Amino acid sequence: MSRTAALATPPAHRGPLVVQPLRKRHCAECRRGPLPLVVVEGGVPRCLDCADLGHLVFLARGDTALTRRAREESGLSAVVVRFERRRGRYERQGVLVEEAGLARAEERCLADAEARRRRRVRDAARRAAEDVRFAATFAAEIRRLFPGCPESRARAVAAHASARGSGRVGRSAAGRALSEGAVVSAVAASVRHVDTAYDQLLMSGVPRHEARRRISVAVEGVLQGWREGGGVLAEAAGRVEMDAG
């Protein structure tokens, strides 16, 4: 398709259609040009003023809601297209709408944006409250299974394990169901990192499985003490030396 043919045969469309020309075009009526936008009438280009569309303003594509509302608020509007050689077809570039209609459409979209913002705030508050309630329930389950675990420690373990978006055990299906295995796993992980030399072993290059083996007795000692409610201190469980075999 030649450039002339592409300009002379725009696609059928309901309502006024405006073309962004690929070549420099002058108005066949008033001779002004080159024109950034033309209306093809009878196979010849005319400027927007001569086509009675000069009072409209251009709204580029991209915001579907704003475009739809701007056309709803405008008594007169036109679609703007351009011929894309690579695809061999006309493609929409935006619309021409009445300036007052665009202003009203923007006000409607801003109102929607504010409503969405308020909804996001409410949803965030609701999720935060749910997280607080779940962390408290998780902490209570820790205290039930480990009555010797200090309350502050149970709350800390629960908050860490159930943090939203963390992917930790408290956010798993088993964790949300407060299964005993998930709760014990969360407590054991805390003891491993806080009450033993596990992290130091890892930092010194000890493989993870070997590091877990070395501190397993210490971890079980703390857990057993908390299960029995005997108040066995984490320090009394014995810290593993860095070079322990």
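Beyond four places in sequence, Arg-153 touches Ser-190, Val-191, Val-194, Asp-195 and Trp-226. Arg-153 belongs to helix H4, which spans residues 151-161. The model is predicted. The protein chain holds eight helices and six strands.

**Overall build**
- The element order, read from the N terminus, is α-β-β-β-β-α-β-β-α-α-α-α-α-α.
- The protein chain has 245 residues, and 36% of them count as buried.
- Contacts with a separation of 6 or more include a share of 49% between residues 24 or more positions apart.

- Arg-153 has a relative accessibility of 16%. The cut-off for buried is under 20%, so Arg-153 counts as buried.
- Two of its contacts beyond four places are the valines Val-191 and Val-194. Asp-195 and Trp-226 are also among them.

**Gln-93 in strand E6**
- Gln-93 sits in strand E6, residues 89-98.
- Its relative accessible area is 10%, so Gln-93 is buried.
- A polar atom of the Gln-93 side chain lies 3.1 Å from the backbone oxygen of Glu-91.
- Setting aside neighbours within four places in sequence, Gln-93 contacts Gln-20, Phe-58, Ala-60 and Arg-61, among others. Val-80, Val-81, Arg-82 and Glu-84 are also in contact with Gln-93.

**Aromatic pairs**
- Two aromatic pairs turn up in a search of the whole structure.
- One of them joins Phe-83 and Tyr-90.
- Phe-83 is buried, at 9% relative accessible area. Tyr-90 also counts as buried, at 17% relative accessibility.

**Arginines over rings**
- Arg-176 places its charged end over the ring of Phe-134. The distance to the ring centre is 4.1 Å.
- Arg-192 lies over the face of Tyr-198. Here the distance to the ring centre is 5.9 Å.

Definitions and conventions:
Residues are numbered from 1 along each chain as its sequence is written. This is a predicted model: local features need pLDDT of at least 70, side-chain atom pairs count only at pLDDT 80 or more; totals for chains, interfaces and linings use all residues. Side-chain values use heavy atoms; hydrogens and water are left out. Rings of Phe, Tyr and Trp (its six-membered ring) pair if their centres lie within 6.5 Å; planes under 30 degrees apart count as stacked, over 60 as edge-to-face and the rest as tilted. Buried means under 20% relative accessible area, exposed over 50%, partly exposed in between (1.4 Å probe, protein chains only). A charge sits over a ring if NZ of Lys or CZ of Arg is within 6 Å of the ring centre and within 35 degrees of the ring normal. Helices (H or I, at least four residues) and strands (E, at least two) are DSSP runs, numbered from the N terminus. Contact means heavy atoms within 4.5 Å. A polar contact is a pair of N or O atoms within 3.5 Å; within protein, one must be able to donate a hydrogen and the other to accept it, and residues adjacent in sequence count only if both atoms are side-chain atoms.
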